[in-house]
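Subject: Structure for your review

Dear colleague,

Please find below the structure that I am handing over to you. I would be grateful if you could look through it before reading the notes that come after it.

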Amino acid sequence: MQKMLVVDYEKCTGCRLCELVCAVKHEGVSNPLRARIHIVKWEMKGIMVPMICNQCESAPCISVCPTNARTRDEEQRKVNVDYDKCIGCKMCIVACPFGAVSFDPFASRIISCDLCDGDPRCADFCETGALRYVEASQSNKQRQREAAEKLYESMRKFTAAYTG
Amino acid sequence: MNQETTSESIAKGRTLGAFRCLNCFVRISPPKGATTYKCPHCGFEWRVSWPLPDLPRIRGPVWEVNRRLAEEAIAKKKKGKK
Amino acid sequence: MALNRKIAYINLTTGEIETKPIPLEIRKMFLGGRGLDMYLMYNHIKPGIDPLGPDNVALVSAGLLVGTLASASARTHVAGKSPLTGFVGSTNMGGFFAPEMRWAGFDHLVIKGKAEKPVYLWIHNGEIEIRDGSSIWGKTVQETQEIIREELGDSDVKILTIGIAGENLVRYANVMTELKNAGGRSGMGALLGSKNLKAIAARGTMDIKIAHPSEALEYNRKIIRQITSAKVSQTQGRLGTNFIWGATNTQGLVRVRNFQLNQLEDSDDIEPEKLDEFNIGMTGCFGCQVHCRGKYIIPSGPYAGVYAEGPEYTSIGAWAGEPGCRNPLTILVGNHLVNSYGLDTLETGSMIAWAMELYEEGILTSKDTDGLDLRFGNDEAVIEMVHRIANRKGLGDILAEGPLRAAKKIGKNSIKYSIQVKGMSNLHSDERPTPALALGIATGSRGSDHLRSRPAIDLYHLPEPVLRKIYSQPVPYDGPLSSDYRDYEGKPWQVFWHEMCYEAVDCLGICKYHTTFLGATLPNFEEWSKLLYYNTGLEMSPLDIWTVAERCYNIERLFNIREGLTRKDDWLSDRYFDEPTTVGIPGVRNKTLDREKFKKMIDEYYEHHGWDENGVPRPETLRRLGIDKEPSHML
């Protein structure tokens, strides 16, 4: 069964452990610049949003890649990069609507989420539930349930108010 | 990495769903969802809250007794001054 | 790697900046953070200087494990001679500043002299620049950070700053970062203010190489589980640190109406579960999965709609218990104000509560307060006093000087009512029924404070075998231990043990909530030994780390003694011994501390440290720790 990385923005506490874990897993260093995930923050408003490759089904980064270095991995439902083909032209950075592709100046190469080849460590470390790696069929289930619960609650109040 | 540390070994004795009565310090388990609970050992009554569904916490005492004592203490102090 | 971060010496008078590597032998002796700061403090600050003069030195640092895979490795440490006490000034805060400073290449800043005009430091990938601070002078903590980010054109810049209280040299002003990470106690904000140094901005993208990355990942995964499975972490992640105030108030271990009662009865409106109703989510510090910090929006009043974070348990003490108030709004607003002004919530709350008792006693009158009705329970008066202290207006100007100087100005035996040690007011807790906690605040190197040595797990009534397990590592101990927090026996060892625990963790830059502070199952020396090895490659046994802590704590003691500290300073207000507690659970009513027993505790505590009966480290102790030749000026 195919899995996908689900981000629940409301659950993110902004700790940036995902950035740290990502950089250590891929590069062996602590350096958020070299992570494939970033928490974008409005600190003074308490807003934190994890930004990561959404592994688009029809990915702009693939369309613009002049050397076909970026390809679709249907099995893991993600975007693959062939570094032997990549010429580092950075067109993918320009094309990505989420800013999820970046350039690692230390390794002089393009980086984006590779789902840790089916075991994304960020989701493994995130205990808040902001990042979860789940079956594709379950991707919306939790959110749906939570929303339904709120709906149910307000309907119950509505009914109670009108029926006394 | 696998050798157990002191803290890990202590964690094995952890009890879920219980807390220590803050009066007699015996470990007690209120029924799930209870909002008040009288300690079966010392009879002290507590208000209980549940930060998580299986994690009870003493929210506070039932206040009447404490209120009387506080009032007495302040009254005594004021009297002593006059 | 994590060991190659540099130290920078910055002279604000001359504008000179020099950077140096930190030799490995010094790392092994002091690790980093608070420990190395204490070494630098003893070596760079001349005895007897004015803490608000240009000769004082501000030390800013990151712990050795900051930014690495050690859970909650987020802590910034700031040190210098305290403007409040004249002894060790030292503060530790969470947030995101310290990791950013490390990514920018630096672990330690030694800031000397005084800038002619307001400035801020800009630290960026190995470079340090002194920049004009005229646009941020007079701004709040939050405004300052927004302006600097705008000026530098980078929203990811992390900023350590002082507020208006620091500029006004309030002797207990904080250093702050982000919305509410507060480096409180001992007035490090006033120290920065005295140097005209408003802020330090950092941004870095330099690698911190992890020595054994895959092992570090696996071990961190395991240790996070160890931390978040603890009941105390789960409660904290849900209710924030407020639960601590709830638990201690339930028993009757908090100060109310300054020191007149030991429980705020009928406090349902401000208990943690009630404050939780204002909570709109949780947030936390770098790399932490406990997320103990609440987010809220002030619901009504003049500050309605303001977004703020917290409050913490000390704020309930400061804005409810101590002044005898029961209005949640006072807590929410008070917390927001001190975080904007950059004031120490504990000291501010204590000073106001003290002034309230003086007002009740007639020592202060409405003439002194400019007509403000400073009676207990007056919420408006409490909030008004925060403004007056931060801006040094009227009585606020006197209270801004801290308990000893203020008592001198007010006179009339006002000092008798102050709950302070070494010139620092106590936090909101009442230690009369708990000798161990009392010993901790009496002996703490920075004054009356719980974060130096409080054995908080002493309140849990843990069975003796569990206590034995905890307290007989990494150094053996076969003396007495008691589960009852009202006992005196064995407590000096616990205080000593926690002192070493907190010193060590402050050297490493990990949060105390991830140690044996509030939970018996949380990590300590054994875990840190592994974290050090996997992350930095440094091979240090649990005992080695303990020895570093001992070394650093002895340097703190040496510093204090050099500044005139004697055994008499390790003592509490007479009220602890003369006025019995009145309320709380039956077991804590009618309690005072026993002078003779308390003296014996101090003797025993000195003995554990290897200090003589006057509290002076014995020559053999200093030799054993390799610090008998201080100051050695190795850095």
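The notes below describe how the chains meet. Please keep in mind that this is a predicted model.

Two pairs of chains are in contact, and chains B and C share the most contacts. Chain A and chain B, by contrast, do not touch, and their nearest C-alpha atoms lie 14 Å apart.

The interface between chains B and C is therefore the subject of the rest of this message, with contact meaning heavy atoms within 4.5 Å. On the side of chain C, 58 residues are in contact, and they meet 39 residues of chain B. About 4,100 Å² is buried between the two chains, and carbon and sulfur atoms give 55% of this area. Of the area that chain C buries against chain B, 14% is supplied by C:Lys231, C:Thr250 and C:Glu273, more than by any other three residues.

Polar and charged groups also meet here. There are 16 residue pairs in polar contact between chain C and chain B, with both residues at pLDDT 80 or more. The count of salt bridges between these chains is five. In one salt bridge, the side chain of C:Asp268 meets that of B:Arg47, at 3.7 Å from N to O.

Several helices of chain C give two or more residues to the side that touches chain B, among them α7 (213–228), α13 (345–360) and α20 (525–536). The largest share, six residues, comes from α9(C). Sorted by class, this side of chain C has 21 nonpolar, 17 polar and 20 charged residues.

Yours sincerely

Note on methods: Residues numbered from 1 in each chain as written. Chains lettered and ligands numbered in written order. Predicted model: local features only at pLDDT ≥ 70, side-chain atom pairs only at ≥ 80, totals over all residues. Heavy atoms only, no water. Buried area = accessible area lost by both parts, 1.4 Å probe. Salt bridge = Lys/Arg side-chain N within 4 Å of Asp/Glu carboxyl O. Polar contact = N/O pair within 3.5 Å; in protein donor to acceptor, adjacent residues only side chain to side chain. Helix = DSSP H or I, 4+ residues; strand = E, 2+ residues; numbered from the N terminus. Nonpolar A, V, L, I, M, F, W, Y, C, P; charged D, E, K, R; others polar.
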